[in-house]
Amino acid sequence: MQPPIEQNRGEGPTSLVIRKLNASVDLHLDRTWYNELQQRIDRNGPWDDWTMYQLAVEAEQSKLIGSFDELQCMRSLPNLEPMPHQMSTARKVLNEMSGRAILADEVGLGKTIEAGLVLKEYLVRGLVRRVLILVPASLVLQWVRELNQKFGIPAVAQKKEYMWQYDVVVASMDTAKRDPHRDILLAQDYDMLIIDEAHKLKNKKTTNYQFVGQLRKKYCLLLTATPVQNDLDELYNLITLLKPGQLGGQSEFSANFVVDKRLPKNEDQLQEALSSVMIRNRRGDGGIQFTKRIVKNIELTLSAEEQALYDAVTGFVRQRYDESGGDWTSMLSLITLQREVCSSRDAVFLTLVNLFKKTAEDSPLRPKIWELVEFIRNIQANTKAEKTMELIREMNDKVIVFTEYRATQEYLLQYFRSHNLVAVPYRGGMNRGKKDWMMDLFRGRAQVLIATEAGGEGINLQFCHNIINFDLPWNPMRVEQRIGRVHRLGQESDVHIYNLCTLGTIEEHIVSLLHEKINLFELVIGELDHIIERFEKGETLEQRLSKAMLESGDSSELRKKIDDLGNSLTRIRSEVESEEPLHITTPIGAMMDAVGQSVEVRP
Amino acid sequence: MNDRQVHKFVQRYLETTECRIMEKSPAHFLVKLSPKADRDLTNRPFYWGFVDRTGAEPETMSMLLVTDKNKYDESKASEKGASVASSRGGVITGAVTTQPAVNPSGIQATPGASGPSGATQPAGGIAGAAEAAIGRSMGFIHGTLNTNVRVPREDLHYGSRKLEQLFESAKANGSYLCLFQEPDKKNSHPLQSTAYTAWLGVNYKVEFACDMKREELHSFGVSLATGQCAEQFYDRLQSLRMTPRLPPNVHTAKNGLTLNKATAIAEQTLERKLRSYDYEWADAAADRLQLELATIQHYYEPLLESPDEEVRRAVAEQFKRRQDEIRWQYEPRVTVSAINCGIFYLQGIG
């Protein structure tokens with residue numbers, strides 16, 4: 001496997017001359033030009049243009065790589081502004097790690113950017129031409145997009161077999177390791193291999209692991225936020241894949257560095273060995289400077305008809321609960337009903353219809369359900385939808401409306417459409433292509449995105465900075481997830497969050513819990529996890545809320561129960577906040593931390 | 001190259017390829033490409049294959065080449081703002097189009113194209129949607145591949161793909177020269193013949209590579225009459241006026257050297273120079289190489305003693321592959337190739 005330049009250019013026996021220049025270096029003289037020039041002299045032409053000749057030299061002069069170690073790629077990327085830790089990571093990979101490294105930054109610090117910088121630099125230097133990038137299927141298009149748009153690297157998503165021959169190919173691991181692709185890939189020489197989500201390679205018995213081991217590659221980057229999930233062997237395997245022998249043989253590694261699966265020894269040495277192949281940037285303690293979240297609770301009073309429905313449903317739910325003799329686990333659909341009634345009549349209606357269908361024909365419940373439906377019939381307008389409309393018109397900017405319910409989503413779509421407001425839906429059930437399509441429409445021509453799902457990989461909505469929580473999930477993490485779609489690295493504006501809150505309903509309590517007690521909207525990222533973790537010993541906040549809801553005889557009792565919940569949340573929050581900034585307390589975690597540096601991140 | 005240098009470069013390229021510049025400012029060019037430039041820049045090999053085989057009259061593309069994005073967008077925005085205010089009242093204010101409309105008013109993209117440029121405006125929306133649709137399936141699609149846009153826009157900053165294509169085109173069309181120095185008009189006597197000497201001129205690129213890389217350019221001229229070797233030969237050529245035609249009243253000195261010999265002289269001169277360099281980087285790379293080889297040897301050797309032959313074979317294969325990879329990655333080498341070269345007839349005997 002010689003460097004490919006020498007092999008491919010051979011046109012005549014004298015076209016390439018190799019001579020010893022000194023003890024460690026050979027001189028390769030490429031003489032193809034000589035043969036061509038001789039031919040043109042013999043035939044008296046054709047001759048090229050003098051200006052072109054000069055332009056060619058000027059082009060080469062401008063592209064000249066003047067030094068071994070100065071980063072050259074930034075000249076070619078006028079629109080990219082990497083963060084300092086991303087630049088220093090790229091430099092380290094290039095100059096100290098010779099292009100084989102594990103990039104193990106914490107989530108959200110831009111591993112893709114770091115990999116892109118390294119790749120671009122090698123491309124610019126002419127050290128890399130053929131590149132294979134293996135990522136989870138859901139991230140293929142995102143990688144292609146980022147490399148093209150941010151780095152001007154002509155990456156393509158592999159779709160057809162012939163596309164493996166392109167210079168920079170992005171594909172999913174599952175495709176690549178399967179026949180007939182596998183054999184094609186194993187027959188290539190890749191100047192660079194990049195693997196995202198590389199923690200999936202921790203087990204050396206898997207086909208993924210063996211496949212990657214067999215690929216022929218010069219430079220190699222493995223990207224993962226979690227290089228160790230369970231035990232030290234995972235780390236050993238990952239590094240062995242990259243550079244076999246770096247940590248010695250398996251038995252040596254165990255003898256030198258492992259006390260127990262999860263407990264390392266000779267930490268200093270291990271740390272040194274690790275830092276020569278792995279870079280891990282962590283968020284600095286409190287160093288995260290995100291833009292501001294500006295929270296506004298919009299208080300609404302329900303119309304008389306809506307209030308009537310709310311009261312009727314609340315009464316119905318409590319009655320059912322009392323009849324069941326306090327067995328609240330079977331009350332799931334009733335809780336749902338209680339929550340839906342805060343969202344829209346459409347949502348309640350659907351659930352009621354389903355409940356009706358499930359109930360036996362002669363059950364006394366049926367007329368009662370029907371009664372509720374009658375309440376729905378009386379409602380002419382949706383107070384929340386009207387207010388939302390008003391808000392959107394006022395802000396005159398892109399906005400995402402989140403709701404928990406599909407029926408509410410449909411209703412809002414139709415309601416907005418009838419008022420000439422362009423909105424597009426987004427939900428979990430859509431396939432990848434449709435999601436991308438909706439995202440494009442939102443970016444391009446729609447002012448409003450109505451989403452039922454906040455999770456999922458690869459939704460970047462930084463171009464939007466308004467969120468309306470049409471209704472609030474009872475699970476704080478889901479609320480945080482919603483906000484996190486917009487309020488994340490790369491968001492340059494302050495983010496406005498509007499919580500719709502109907503007075504005199506359970507919603508009022510939820511907003512107060514999340515906003516005032518947990519202070520969810522202003523917490524430092526990561527802090528919420530700790531508070532919730534401590535609070536939810538055995539029972540989730542959602543469950544506790546449901547219980548409080550069902551067990552309270554009247555609204556004052558409910559208020560008291562919720563106040564109790566709120567107080568314990570406040571207490572835990574102040575506990576968490578007063579403690580030392582959280583350090584990962586396991587020995588492996590400490591080890592990982594020692595390898596990295598913490599960085600101040602500013603969007 | 002800064003924006004201004006890029007602009008200058010592009011202008012000279014367009015002029016020398018005989019493209020028709022329909023509109024220009026310090027921030028952009030609107031051009032109808034010449035067949036030569038179209039072949040090199042528009043990625044349409046099938047179209048040109050068709051033209052070559054059928055002899056059809058080629059229809060070249062027009063392009064908007066923007067050399068200073070900010071300035072261009074600014075000027076367009078102010079222009080557009082004025083025209084929108086006057087003609088149609090803010091139809092698309094809410095929508096953010098991904099690609100600004102590229103068809104500047106008053107210019108017809110192809111001869112005989114009908115309708116005012118305003119008519120292409122809605123088509124831009126469709127093109128945008130088409131682009132987005134392809135983008136969803138492929139992740140990204142480069143602007144020039146989208147044939148729905150009549151005049152594709154290219155931002156030519158340093159490092160952009162289209163500028164890189166211009167570079168390649170310049171290299172492909174400026175590789176081999178035969179030029180004569182233009183004689184000074186003043187001194188020339190109509191009856192006197194001036195002696196010219198043929199020189200071999202080569203512009204070398206020298207690459208010092210291991211897992212890292214650095215480059216140098218060297219330009220040599222070797223007199224085919226005497227074998228004299230001159231450095232910085234390219235700079236010398238640039239200070240002269242050159243012409244592809246043999247000037248009148250000129251005679252060339254007899255060549256004393258073959259091209260082969262002249263090449264050898266240029267190479268020797270370069271090699272002598274390279275020998276005098278510091279090769280600490282190469283020694284360091286060789287050390288890294290040895291260290292890496294030792295590391296994997298230490299790792300694989302015990303595994304090679306496995307009693308299972310199957311395992312032994314697999315390990316040996318892996319070991320070999322890894323050795324090859326390490327050499328490929330680290331082996332220090334100096335590569336010399338020519339950017340371009342030519343025969344240059346210069347005044348005087350040298």
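User: Which residues does A:Ser67 touch, not counting residues up to four places away in sequence?

Analyst: This is a predicted model. A:Ser67 lies in the loop between helix H3 (50-63) and helix H4 (84-95) of chain A. Not counting residues up to four places away in sequence, the residues that A:Ser67 touches are A:Gln72, A:Arg125, B:Lys213 and B:Arg214.

User: Is A:Ser67 buried or exposed?

Analyst: The cut-off for buried is under 20% relative accessible area. A:Ser67 has a relative accessibility of 15%, so this residue counts as buried.

User: Which backbone nitrogen does the side chain of A:Ser67 reach?

Analyst: A polar contact needs a pair of N or O atoms within 3.5 Å. The side chain of A:Ser67 comes to 3.0 Å from a backbone nitrogen, that of A:Glu70.

User: What is the area buried between chain B and chain A?

Analyst: The size of an interface is often given as the accessible area lost when the parts come together. The contact takes in 96 residues from chain A and 93 residues from chain B. Carbon and sulfur atoms give 60% of the buried area, which is about 8,600 Å².

User: How many salt bridges are there between chain B and chain A?

Analyst: A salt bridge puts a side-chain nitrogen of Lys or Arg within 4 Å of a carboxyl oxygen of Asp or Glu. A:Arg19 and B:Glu271 meet this way through their side chains, at 2.7 Å from N to O. Between chain B and chain A the count is nine salt bridges.

User: Which element gives the most to the side of chain B that touches chain A?

Analyst: There are 29 residue pairs in polar contact between chain B and chain A, both residues at pLDDT 80 or more. By class, the side of chain B that touches chain A has 46 nonpolar, 24 polar and 23 charged residues. The element that gives the most to this side, with twelve residues, is strand E11 (residues 333-347) of chain B.

User: Which residue in E11(B) stands opposite A:His28?

Analyst: Strand E2 (residues 26-30) of chain A is joined to E11(B) by four bridges, and the two run parallel. In E11(B), the residue opposite A:His28 is B:Thr335.

User: How many helices and strands does chain B have?

Analyst: Chain B has 350 residues, and buried residues make up 47% of them. Among contacts in chain B between residues at least 6 apart in sequence, 70% join residues at least 24 apart. The secondary structure of chain B comes to ten helices and eleven strands.

User: Which residues of strand E16 (residues 448-451) of chain A are buried on each side?

Analyst: Strand E14 (residues 399-402) of chain A runs parallel to E16(A), with four bridges between them, and A:Val399 stands opposite A:Val448. Four bridges also join strand E15 (residues 423-426) of chain A to E16(A), again in parallel, with A:Ala423 opposite A:Val448. Both faces of E16(A) are covered, and the buried residues are A:Val448 and A:Ile450 on one side and A:Leu449 and A:Ala451 on the other.

User: What distance separates the C-alpha atoms of A:Ile518 and A:Gly566?

Analyst: A:Ile518 is in the loop between helix H21 (506-517) and helix H22 (527-535) of chain A. Its relative accessible area is 0%, so A:Ile518 is buried. A:Gly566 is 48 residues away along the chain, and the two C-alpha atoms are separated by 7.7 Å.

How values were computed:
Residues numbered from 1 in each chain as written. Chains lettered and ligands numbered in written order. Heavy atoms only, no water. Contact = heavy atoms within 4.5 Å. Buried area = accessible area lost by both parts, 1.4 Å probe. Polar contact = N/O pair within 3.5 Å; in protein donor to acceptor, adjacent residues only side chain to side chain. Nonpolar A, V, L, I, M, F, W, Y, C, P; charged D, E, K, R; others polar. Pairing = 2+ DSSP bridges. Buried < 20%, exposed > 50% of the residue type's maximum accessible area, 1.4 Å probe, protein only.
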